[in-house]
Amino acid sequence: MTRRQKLLLFIFMGAFALATGYLTLPTHGEQAPVGNTGYAALSPVKKEFYDRFVRADPYQKPLDLPQMLVYDGQDKAVTTWRDLAADSGLTLVNFWATWCAGCITEVPSLIALQRHYQGRGLSVVFISLDFPQTAEMLKKRMDMAGMPPISTYYAKDTEVWKSMEFIGIPTSLIINKDGQALYRLAGDTDWGNSESFAFFDNIIAENP
């Protein structure tokens, strides 16, 4: 894909996300569509949290994810989900972009979630889908968008988006220490409240 094609795709996705707000807006108070029968088996605590999202997929067993290529803040390549996962406990991987209003809105609550569970079984990892070519380029876009300062990985092209078959962003995955997905949540929400903490307390206890 040429640089011009990447730029056009970036502009198109931003316009599309603004025109179809459901891709980035929460559905508080409505039951979220789910992609498999795992939802029926969820506890009330989990269902209450899941019902916030545009789409929610609770996997009945840990799911191996497609191969990926992202880069860290020093432009070093990261090629496996295991490299993103914490050595113990769970990791929430949040895919976002500066052109996504819902993504920027939920970042402070993700930071609050990260602080609440620091050293207590849950880590938070951010991956930008702005498709910059360097970490410095991404930092400039983040500054222009008024993003809170976060440490983030980034993808240089659309391959991660296509291989993960995203319907939109923000999309978050909860992965185990082996880099396998346990949950997939599409849409933005407030991650830093008592309902969220109850959900994560529950799944951390299930995945020591």
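The structure is a predicted model, in which local features need pLDDT of at least 70 and side-chain atom pairs count only at pLDDT 80 or more, while totals for chains, interfaces and linings use all residues. Residues are numbered from 1 along each chain as its sequence is written, and side-chain values use heavy atoms, with hydrogens and water left out.

Thr-171 is placed in strand S7; helices (H or I, at least four residues) and strands (E, at least two) are DSSP runs, numbered from the N terminus. The relative accessible area of Thr-171 is 1%, so Thr-171 is buried. Here buried means under 20% relative accessible area, exposed over 50%, and partly exposed in between, with a 1.4 Å probe and protein chains only. Leaving aside neighbours within four places in sequence, Thr-171 is in contact (heavy atoms within 4.5 Å) with Val-93, Asn-94, Phe-95, Phe-166, Arg-184, Leu-185 and Ala-186.

Phe-95, one of these partners, belongs to strand S4, residues 90–96. Phe-95 is buried, with a relative accessible area of 0%. Not counting residues up to four places away in sequence, Phe-95 touches Trp-81, Cys-103, Ile-127, Leu-129, Val-160, Phe-166, Ile-169, Pro-170, Thr-171 and Leu-173. The C-alpha atoms of Phe-95 and Ala-155 are 9.9 Å apart in space, and the two residues are 60 apart in sequence.

Cys-103, among the residues that Phe-95 touches, takes part in a disulfide, a pair of cysteine sulfur atoms within 2.5 Å. The structure holds one disulfide. The partners are Cys-100 and Cys-103, with their sulfur atoms 2.3 Å apart. The link is right-handed, with 85° about the S-S bond. Both cysteines are buried: the relative accessible area is 1% for Cys-100 and 0% for Cys-103.

Several backbone features were also found. Most residues other than glycine have a negative phi, and most peptide bonds are trans. The peptide bond from Ile-169 to Pro-170 is cis, with omega near 5°. Pro-170 is placed in the loop between helix H6 (159–164) and strand S7 (171–175). The loop between H6 and S7 also holds Glu-165, which has a positive phi of about 55° although it is not a glycine. Glu-165 counts as exposed, at 63% relative accessibility. A positive phi, of about 65°, is likewise found at Asp-75, which is not a glycine. Asp-75 is in the loop between strand S2 (70–71) and strand S3 (77–78) and is partly exposed, with a relative accessible area of 37%.

A pair of aromatic rings is described by the distance of the centres and the angle of the planes. Rings of Phe, Tyr and Trp (its six-membered ring) pair if their centres lie within 6.5 Å; planes under 30 degrees apart count as stacked, over 60 as edge-to-face and the rest as tilted. A search of the whole structure finds 16 aromatic pairs. In one of them, Phe-49 and Phe-199 are stacked, at 4.4 Å centre to centre and with 20° between the planes. Phe-49 lies in helix H2 and Phe-199 in helix H7 (residues 194–206), so the pair ties together parts that are 150 residues apart in sequence. Both Phe-49 and Phe-199 are buried. Phe-199 also pairs with Tyr-50; this pair is tilted, because the ring centres are 5.8 Å apart and the planes are at 50°. Tyr-50 in helix H2 and Phe-199 in helix H7 are 149 residues apart, and the pair links distant parts of the chain. Tyr-50 is buried. Ring pairs join Phe-49, Tyr-50, Phe-53, Tyr-117, Tyr-183, Trp-191, Phe-197, Phe-199 and Phe-200 into a cluster.

Val-54 is in the loop between helix H2 (44–50) and strand S1 (55–63) and counts as buried, at 14% relative accessibility. The C-alpha atoms of Val-54 and Gly-187 are separated by 5.3 Å, although the residues are 133 apart along the chain.
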